[in-house]
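Subject: Structure handover

Hello,

Please find the sequence and the structure below. My notes on it follow.

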Amino acid sequence: MSKYDPGLIYDVGMNNGDDTAYYLRRGFRVVAIEANPALVATACERFRREIEAGELTILNVGVAAADGELPFWVCLTDSRLSSFDRRNASLDDRQPVEEIRVPCRTFRSILDEFGVPFYLKVDIQGNDSLCVEALDPGDVPKFLSIEFALWDAPLMALMRARGFNRFKCISQTYFLPLQLPPLPEARLIQRAERLSWTRNMLVRVFRRLGGRRWIQRQFDRLRTHDGWMFPAGSSGPFGDELRGRWLSPEEMHTTAREFLRLRQEAPQTLSWASAGLAANPFWADLHARSE
């Protein structure tokens, strides 16, 4: 039986701290991990009270296969892209980057120091799987989320081997699940997006007469949970707060293949799913639940 701490969350890839802020607001203690020292300095100011109260610990380290110091590439246009892999950070040299050196720890050493969390959020642009590999089967978080490119069979196999057996693939544009049939909210967002860009004369009049506010409310509603508006770039809700149903590994595989097919055949029907970055057709997180 897993011995996770029900009051603890790990924010691996803290970035600007928007996810950490939500977890703290929910009453969790947080261990936030961030390699970029500039972001850590800003977060230490932002969360000074929570750090002093012992509610938040920020580790200015990278997660790597071994302890030590490694070169780290900071993307100068979007800090979320920063990575130990220069190609990832620069989007294949399309974005400017700067090299710094950062201290690194194995994720196992962090787990040994702070314990197994209730929820483990991982978004570190390339080394994500190291966090899953470090987990002991049978002693894993209740919930986990990790950046996901459809389809990543090795990652799914690794998560299953660690004891995760139910999954939701969540589009980060509006925090909607990639599932079939789509939720009613997905159809509503498709309609709202079409209304936001179509050049139909009647719709253009509708937008000028206040329709833009209605359209924006549809978008904002999906990015709001329990009075909290998730900023752009944040990971959003987690666990049983997520919309949609939990899928078995086999259902997840079938669903992913179908969405990749639909992306090619009817992209306009999936306008609620972001085009993503580089070769990834979806900006999505894979959420997993252990029993």
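The model is a predicted one.

Helix α6 (residues 128-133) belongs with them: β7, α6 and β8 make a β-α-β unit, which is right-handed.

On β7 there is also a pairing with β1 (residues 5-12), again parallel, with 5 bridges. Here Tyr119 is the partner of Ile9.

Leu144 has Ala288 of β13 opposite.

These strands belong to an open sheet of 8 strands with mixed pairing, in the order β3-β2-β1-β7-β8-β13-β9-β10. The edges are β3 (56-59) and β10 (176-177); each has a single partner strand, so one side of each is left without a neighbour in the sheet. Helix α5 (residues 107-114) packs on this sheet and touches β1, β2 (29-33), β3 and β7, with its direction at about 150° to that of β1.

Now the aromatic residues. A search of the whole structure gives 16 aromatic pairs. In one of them, Tyr23 with Tyr119, the ring centres are 5.8 Å apart and the planes stand at 85°, so the pair is edge-to-face. Tyr23 lies in helix α1 (residues 18-25) and Tyr119 in β7 (residues 117-122), so far as the chain goes 96 residues apart, and the pair thus links distant parts of it. Both Tyr23 and Tyr119 are buried.

The two tyrosines also take part in one aromatic cluster, whose members include Tyr4, Tyr22, Phe28, Phe118, Phe143, Phe175, Trp228, Phe230, Phe238 and Trp246.

Trp246 has a charge over its ring as well: the charged end of Lys168 sits there, 4.7 Å from the ring centre. A second case of this kind is Arg86, whose charged end sits over the ring of Trp73 at 5.2 Å from the centre.

Regards

Conventions:
Residues are numbered from 1 along each chain as its sequence is written. This is a predicted model: local features need pLDDT of at least 70, side-chain atom pairs count only at pLDDT 80 or more; totals for chains, interfaces and linings use all residues. Side-chain values use heavy atoms; hydrogens and water are left out. Rings of Phe, Tyr and Trp (its six-membered ring) pair if their centres lie within 6.5 Å; planes under 30 degrees apart count as stacked, over 60 as edge-to-face and the rest as tilted. Helices (H or I, at least four residues) and strands (E, at least two) are DSSP runs, numbered from the N terminus. Buried means under 20% relative accessible area, exposed over 50%, partly exposed in between (1.4 Å probe, protein chains only). A charge sits over a ring if NZ of Lys or CZ of Arg is within 6 Å of the ring centre and within 35 degrees of the ring normal. Two strands pair if DSSP finds at least two bridges between them. A crossover is right-handed if, with the strands pointing away from the viewer, the path from the first strand over the helix to the second runs clockwise. Contact means heavy atoms within 4.5 Å. Axes are lines fitted to C-alpha atoms, for helices over the stretch in contact, and angles run from 0 to 180 degrees between N-to-C directions.
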